[in-house]
Amino acid sequence: MQAYILRRVAQGILAIFVICTVTFALARVSGDPLNVLLPEEASEEQIALIKAEWGLDKPIHMQYLQYLGKLFRGDLGEAIAWPNSTATELIVQRLPNTVKLSALALIVSGVIAFPVGVLVAIKKDTPFDYVGKLFAILGQSAPTFAVGLILMWIFAVQLNFFPTSGSGGVEYIILPALALGYYNVAALMRLTRSSMLEVLDTEYVKLARIKGVPEWKVVWKHCFRNALIVPLTYFGLIGAVLITGSVVIETVFAWPGLGHLVIKAILFRDYVVVQAVVLLFATAFVIINIMVDVLYAYIDPRIRYT
Amino acid sequence: MAAVTTSPEVTGVETQQRAGRIAKGYRAVRELPLIPLIILIFLLVIPAMFANQLAPHNQRIGVLDDAKLPPFWVSESFESRTVVQRADKDKLDVEIGLTNARRKVDRGEATILSGGEDGTVDPGDTLRFQANKGGSMEYPLGTDKQGRDILSRIMHGARISLMVSSLAILLGGGLGTILGMLAAYRGGKTDSIIMRIVDIKLAFPSILLALVLVAAIGAGFTTVIVVIAVLLWARYARVVRGEALSIKQQDFIDRARVSGASNVRIMMRHIFPNLVNTVVVLATLEVGHVIILESTLSFLGAGIPAPTPAWGVMVADGRDLITTAWWIFLFPCLAIVLTVLSMNLLGDWLRDKLDPKLRNV
Amino acid sequence: MTAVQTATDTILEVSNLKTYIFTRAATVKAVDGISFNLKKGETLGIVGESGCGKTMTALSLLRLVPRPAGRIVEGEIVLNGEDILQKSEDEMRDVRGRQISMILQDPQTSLNPVFTIGNQLREALGIAHKENKSSMLSRAVDALRKVNVAAPERRLDDYPHQMSGGMKQRVVGAIAMSCEPGVIIADEPTTALDVTIQLQYLRLLKEIQAETGLAIIFITHDFGVVARMCDRVAVMYAGRIIEQGEVRDIFSRPAHPYTQALINSVPKLEQSVDRLYSIDGQPPLLSNLPEGCRFAPRCPYASDQCYEEYPSSYQLADGHHADCWALDADWQGTPIEEFVPPTGTAG
């Protein structure tokens with residue numbers, strides 16, 4: 001198990017390294033950062049000066065090595081489009097917001113999806129089940145921004161329950177978290193339902209009933225943990241869904257998090273910030289995946305990684 | 001049927017076969033997912049093909065005087081306010097400032113309900129004026145802030161969605177299919193290199209990759225197609241590789257090799273035809289995904305550039321007006337959801353028919 | 001066979017039990033009016049081809065027919081003097097495990113893969129005994145020891161996938177017997193095991209029965225196992241019991257052509273046979289049963305009467321009945337040939 005985790009971590013570091021390189025390369029193709037740094041009428045001397053200051057006068061592979069070296073010391077670089085702040089500062093400012101939002105979305109999806117998935121499986125072929133199915137298939141067909149806007153329109157504009165956008169108290173985070181969690185709820189619910197149906201049909205569930213275990217215990221002890229195994233494989237993807245979703249949802253609700261930041265950075269051609277945020281997202285993604293694998297082995301004792 | 005049975009040259013067996021075929025055809029029609037198909041035809045295919053003929057208005061240039069008109073079933077509404085010297089900021093729904101009130105009456109936008117017998121507007125009078133314009137069949141789904149017809153824009157948006165998704169799937173799917181087949185057929189190093197790239201690609205959140213790519217190449221129609229193709233190919237490559245590996249094991253491939261067929265010929269004439277079902281099913285399952293991706297990119301301002309009526313762009317236009325003119329964002333949203341929903345249902349049906357083992361892909 | 005003499009009182013009495021499964025296309029009459037009874041300490045074998053309703057009978061006795069499609073539509077199941085079909089689902093929970101229990105066919109799948117053996121055993125024990133942890137632990141160890149699991153203390157922390165098939169089936173047995181039920185249904189408990197393990201397991205069941213006075217309903221398609229295990233046999237065909245009686249009566253004088261064919265189809269080790277005996281044709285679909293005798297289409301003796309009306313039951317000896325028109329005194333068709341018992345059948 002330990003060897004397995006070590007190997008996964010090594011693989012993860014490799015993946016992050018590849019992603020670093022790719023974003024570095026892409027960021028450099030994405031247009032000359034000088035256009036952002038300098039006014040149009042800048043003189044030759046000014047250009048040279050700025051180039052030297054940002055290290056842009058060196059050949060690209062030197063710039064790359066320099067970037068890696070700084071990265072290794074934990075220095076993500078000076079933001080270009082945000083004067084007087086480093087990428088690290090910008091990220092530290094916004095990271096808590098994104099973490100709050102994603103964590104809440106994750107909790108919302110887990111708390112709704114698993115019990116409802118189990119419930120619709122038990123109540124198979126009843127109106128309950130049909131509503132659940134409809135909900136699940138809608139969830140896969142609606143883009144996150146549409147869900148966000150429709151929620152905003154119904155609950156903020158029409159019913160006036162929540163503010164439309166921005167940040168502040170608890171009331172600001174509820175709609176974005178729901179919108180961000182919606183896709184996961186739909187997907188997880190569908191998976192939980194189908195794997196629950198499979199488990200309900202097994203011999204060990206029959207044996208549990210034969211030995212006189214109460215039905216609620218049959219469902220929540222014997223079935224639930226087995227039924228979790230399949231949806232858990234999906235949990236690795238949830239990291240990706242949340243990251244993707246947070247970029248969109250933070251834009252929709254003007255939520256001051258990393259997604260909001262990276263969209264702005266891309267528009268401003270601030271490659272330093274883009275690289276930093278993408279690197280952070282990639283790292284988070286890799287860590288989530290390793291955690292899922294470990295959790296997986298815990299839930300299903302048949303899996304022993306070697 | 002009666003005509004068939006009485007026809008003298010038709011033998012009983014043939015009649016039966018023909019009847020069987022008709023019954024089969026009837027059953028096939030009945031099993032078709034009709035509702036999704038109808039929605040797709042009327043929402044996506046017909047508007048996309050005949051947008052120029054069908055759209056009642058120009059999709060790019062609006063009439064500013066007709067800006068923000070609601071859909072036809074919303075009728076105009078009036079409200080009355082009391083004229084005061086200076087309106088209190090918190091009471092704008094019941095009060096109106098004197099200057100503002102006089103201007104409105106002069107322009108004929110408001111009528112004096114009570115007071116004002118002297119012909120001028122004075123503080124204390126009550127004004128009645130139009131709060132919201134009503135909709136009409138001229139613009140069935142209303143207009144946006146530039147006075148452009150939303151229905152016409154949705155029709156042209158359908159064309160964009162259809163073009164982007166078909167081209168992107170053709171490009172990405174084609175690339176993925178070729179790489180997957182290559183990986184399976186060549187095996188060894190080729191296989192492991194291609195599959196490692198697939199793994200890394202699949203391990204990267206797609207929207208971020210797309211955004212970085214768009215930032216690198218610059219937004220535009222071609223960029224969107226290329227970016228989506230880049231996002232798509234990996235899944236194709238993985239599925240096609242698995243499929244091609246099992247086909248490769250079969251005898252007829254060896255037979256073809258023994259009879260001296262070239263590698264390219266074996267791949268194109270022997271392996272590919274056996275993959276067609278998988279590729280087609282995967283393509284239909286991906287259309288919805290691609291429409292979502294395209295509209296998301298366009299919504300974020302990193303897809304189809306603004307004046308073009310892509311659905312995502314329209315939603316982005318309506319986002320700021322969500323409190324006052326809901327129809328601007330809602331209709332394109334619904335168009336996206338309905339199209340993707342129908343496409344997914346159709347894809348599921350096709351998968352169950354043609355290639356049920358893809359169920360877990 | 002001594003159990004028959006020592007135990008006289010009936011523990012389970014099933015009369016005219018009907019369990020149907022209602023699907024959109026048809027009604028499957030899985031159990032279509034069967035009656036039998038079971039005495040304390042006795043072993044009743046239920047024999048028949050797969051799909052004849054044996055397992056559905058077993059599930060009906062536990063009231064665990066798969067819902068909502070399956071339903072017990074008629075009959076009585078009197079267990080320890082009470083009709084369990086009148087009980088509520090809550091009351092049934094006290095019946096299951098404590099009064100009647102079941103060993104399932106496949107040990108590979110009847111244990112929950114994500115919990116340890118100890119956990120699943122303690123859960124079963126906990127239904128009858130609410131005690132503290134350490135005494136539950138010793139009970140669990142005892143239960144494993146009873147089914148001859150070596151080093152039971154160490155086995156408790158194992159997961160099912162760490163055990164062999166035979167060991168798992170013993171654990172399943174221990175779970176089924178944990179609350180000391182009066183009746184155990186063993187549904188083909190050995191078919192998934194290796195041949196050598198099968199014998200061990202059957203012997204173990206017999207030993208436990210001798211100790212506890214348990215009544216066993218033994219469901220199988222194997223007449224060899226019946227001969228070894230059972231006191232009485234009920235032969236099922238297409239949802240009905242077509243013949244039942246003492247094992248030695250059934251083996252020496254099987255009355256129903258189907259029973260005869262079944263016994264003949266058991267290959268004998270002692271005999272060299274040129275070809276294995278088999279019955280032509282297929283049993284009828286339970287969703288589309290014929291009017292008359294269900295075996296008629298495959299029966300060499302069948303007459304018109306057999307196709308028209310279901311045969312009455314004829315008593316052949318004390319407790320030996322068979323449903324077959326050929327046993328009627330007025331039978332006009334070919335008489336059933338004298339049965340020659342194959343040599344080597346245990347009695």
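Chain B of this predicted model contains twelve helices and four strands, where helices (H or I, at least four residues) and strands (E, at least two) are DSSP runs numbered from the N terminus. Of the 361 residues in chain B, 46% are buried, meaning under 20% relative accessible area with a 1.4 Å probe, protein chains only. Among contacts (heavy atoms within 4.5 Å) in chain B with a separation of 6 or more, 73% join residues 24 or more positions apart. The accessible surface of chain B is about 18,100 Å², 59% of it from carbon and sulfur atoms, by the Shrake-Rupley method with a 1.4 Å probe.

The size of an interface is often given as the accessible area lost when the parts come together. Buried area here is the accessible area (1.4 Å probe) that two parts lose on being put together, summed over both. A salt bridge places a side-chain nitrogen of Lys or Arg within 4 Å of a carboxyl oxygen of Asp or Glu. A polar contact is a pair of N or O atoms within 3.5 Å; within protein, one must be able to donate a hydrogen and the other to accept it, and residues adjacent in sequence count only if both atoms are side-chain atoms.

| Interface | Buried area | Carbon and sulfur share |
|---|---|---|
| Chain A and chain B | about 3,100 Å² | 84% |
| Chain C and chain A | about 2,300 Å² | 64% |

Between chain A and chain B there are zero salt bridges and two residue pairs in polar contact, both at pLDDT 80 or more. Several helices of chain A each supply at least two residues to the side that touches chain B, including H1 (2-29), H10 (215-252) and H12 (271-299). That side of chain A divides into 28 nonpolar, six polar and one charged residue, with Ala, Val, Leu, Ile, Met, Phe, Trp, Tyr, Cys and Pro counted as nonpolar, Asp, Glu, Lys and Arg as charged, and the others, Gly among them, as polar.

The contact between chain C and chain A takes 28 residues from chain C and 21 residues from chain A. C:Arg93, C:Val114 and C:Glu123 supply 25% of the area that chain C buries against chain A, more than any other three residues. Three salt bridges link chain C and chain A; in one of them, C:Glu123 meets A:Lys217 at 3.7 Å, N to O. Nine residue pairs are in polar contact between chain C and chain A. H5(C) gives the most to the side of chain C that touches chain A, with five residues.

Residues are numbered from 1 along each chain as its sequence is written, and chains are lettered from A and ligands numbered from 1 in the order in which they are written. Local features need pLDDT of at least 70, side-chain atom pairs count only at pLDDT 80 or more, and totals for chains, interfaces and linings use all residues, while side-chain values use heavy atoms, with hydrogens and water left out.

Terms used: Buried < 20%, exposed > 50% of the residue type's maximum accessible area, 1.4 Å probe, protein only.
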